[in-house]
Each structure stands twice: as structure tokens, then as C-alpha cells.
Amino acid sequence: MSAKNNIIFGPINSRRFGMSLGVDLSPAFKQCNFDCLYCELAPAPTVEKQTQIVSVQEIINELQKHLHDKIDAITLTANGEPTLYPYLDELIDEIDKIKGSTATLILTNSATLVSNKIFQSLLKLDEVKLSLDAISPDIFKKIDRPHEKIKIDEIVDKVIQFSKEYKGKLFIEILFVHGLNDTKDEIKKLNALLKQINADRIDLGTIDRPPAYPVVGISYKELHEAALMFDKELPVHIASRVHAEPNNSYHTQEEILNTLDKRPLTMDDINLLFDEQSKQNLHKLIESNAVGINHVGNLEFYMPIDNINRKRTHK
Ligand code: SF4
């Protein structure tokens, strides 16, 4: 099959990004500046730039065949890192001409934000998801196995700068690997950084698919515990449920209010954590206007009404 047949995939209906049409900017093989332990693609040597390049025109031709008005997002992604695509800026301009009201989204590992050209290109997108797994250089190197010149300190500075300049929707994703970035100390460092970032949503995930190297994820319970370690003002969301074991226990109305105050929950979380009686208690809190729904991207979070009304001061 020629590479161009693999450029477009989906649409995939994702809870986080809605109906998303994928654009693979490295359709022939993996080209990435990281070689993450948890990558769902096979291990591959890291590269600084793409050697197998698809033309902008080919991508636009393929996109035009698949784009329709039910698509929420055109998602730029790759077998590898999409920002290594050398004509990214031009491609974004061409997509803007045909996308109508569809959002443009990129899923990136954040490393190329240190390039001013790529930084400027990403500013043009409607939605950006930056991955950030660790702050400590040793943990970052162990998990993401970056190309030799890549330094986490420089990436972190650029992520902060990007969040200040960016006008679109900014999502951050942290993927937890058991025994590496799931320590209290590392979560504390991530939390300190995230407090400086205007993220619309922070997705916490773990290994959901067979990884490139023999590492394991953390459980849903551990993800939930990790979520509670972040400041409650941060829009943290547990994005991974593959390891979820239902733990439906009873919670009074007061306990529910306390829990939702610390960490807003989606209905998926509630189904995993609450028993039937607790769900009725939640319902009563909604009826009495103590709890409401806050929409973040495509997700609905249950949280105390007071917190929904409280204006976020750091945005
Ligand atoms: S950045 Fe993405 S594509 Fe690259 S190695 Fe990591 S998980 Fe795989």
C-alpha cells in the first residue's frame, strides 16, 4: 500500500476530542525524536528530522476526500512526532483554507517547542495537546528516551511560554509508568509546573496498550490517588480506564461534596467509584443546586456549583 493511502485515518469518536479525523504526518514508518518506553509503536532509533516526507498537496488531497461537517477536529499526529514534519507551517495554512468550522488539533511530545519556527506554527492551531511525563532530567530520560540534544529544562521553559501566548485550547497529558514518574516527588514537581500553565485540561493516563518496552502502567486507584495530589484548582482529568476496577462504595452527600471539591469527576468516574445509593445522593445534590456540570472540551465534570461560579484567576 502506498504511504498516501495511510495518511488519513478515522474518524474516531474520542471522549476527549470528539469526532476526530486523524492525519498521519509520517505514514510510511516511525520517525520520532523520542523512543518512549510506553510507545505503542515498535522501538526505533530517535531522529531529529524526517527523511521520508509526504507533500502538503498529497495530504490536502487526501484530507479533502474525508472531511465532512460531522468532524469536530482534524488531528495532526504521526507514526512518531508530527512536528518533525518539515512543512508543518504551510500545511496548517492550507488546512485552514478548507477546514471551515472544524478545529485543528495536534498531539505533540512538546520537545520541538524549543524551535521558534515550530512554536509559531503551533500558535496557529485551534487545539494543542502537549505531552509532559516528567520534570526531573533522569526520569524524563528514562521514560521518554529522547534524542541526545533534547533537554527537559528547555522544554519546560517553552511550555510555560507557549501557554502564555497561546489563544486556543491547551491540553496537557501526563502518562504514568509504574515505578518511574508516579512518585510523590515527581508529581509535586509536575504540579508546581502545571500551576504556571494555563491548561484547559490536564489528562492523566497510563499504559493502555502493549508498550514498546517491558514496563507496566498504574491502576485506576493509583491514578485517582495521583489526581488528588495535584492542586484542586488544576483541571485534572483521569483519562485512562483500562485498568479500572469498579470500587463502588457508599458516600454521604457531604463526602460527595468534599470529593468533588477536591477533584471534579466525570460520569465514568462516578460509575466506578459510587454505589447506587451514592448516585442518588449525588442526584439530590444536583437537584438542590449544590452540584452542577462544568463542560471542558467534550467532557462533562460534576463539581460544586460554587467552584463552577468561582472565576479561575490564572487564565
Ligand atoms: S513521542 Fe509518541 S511516537 Fe514518539 S516514542 Fe513517544 S509515544 Fe512513541
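This is a predicted model: local features need pLDDT of at least 70, side-chain atom pairs count only at pLDDT 80 or more; totals for chains, interfaces and linings use all residues.
Residues are numbered from 1 along each chain as its sequence is written.

The contact, where two residues count if their C-beta atoms, placed from the backbone, lie within 7 Å, takes 18 residues from domain 1 and 12 residues from domain 2. On the side of domain 1 that touches domain 2, the elements giving two or more residues are α7 (220–229) and β8 (236–238); helices here are DSSP runs of H or I with at least four residues, strands are runs of E with at least two, and both are numbered from the N terminus.

Next, the sheet. Strands count as paired if DSSP finds at least two bridges between them, and this gives an open sheet of 8 strands with mixed pairing, in the order β1-β2-β3-β4-β5-β6-β7-β8. The edge strands, each pairing on one side only, are β1 (8–14) and β8.

Within that sheet I would like to look at β6 (residues 169–176) and β7 (residues 201–206), which pair in the parallel sense over 6 bridges. I172 stands opposite I202 in β7, and L175 stands opposite G205.

How many residues of β7 are buried? A residue is buried if 20 or more other C-beta atoms, placed from the backbone, lie within 10 Å of its own, and 6 of the 6 residues of β7 are buried, so the strand is largely enclosed by the rest of the structure. In a regular strand the side chains alternate between the two faces of the sheet. In β7 both faces are covered, with R201, D203 and G205 buried on one side and I202, L204 and T206 buried on the other.

Finally, the ligand. A residue is near a molecule if its C-beta atom, placed from the backbone, lies within 6 Å of it, and the residues around the ligand are C32, F34, D35, C36, C39, L41, G80, E81 and N109.

Notes:
A residue is buried if 20 or more other C-beta atoms lie within 10 Å of its own, exposed if 12 or fewer, and partly exposed in between; C-beta atoms are placed from the backbone.
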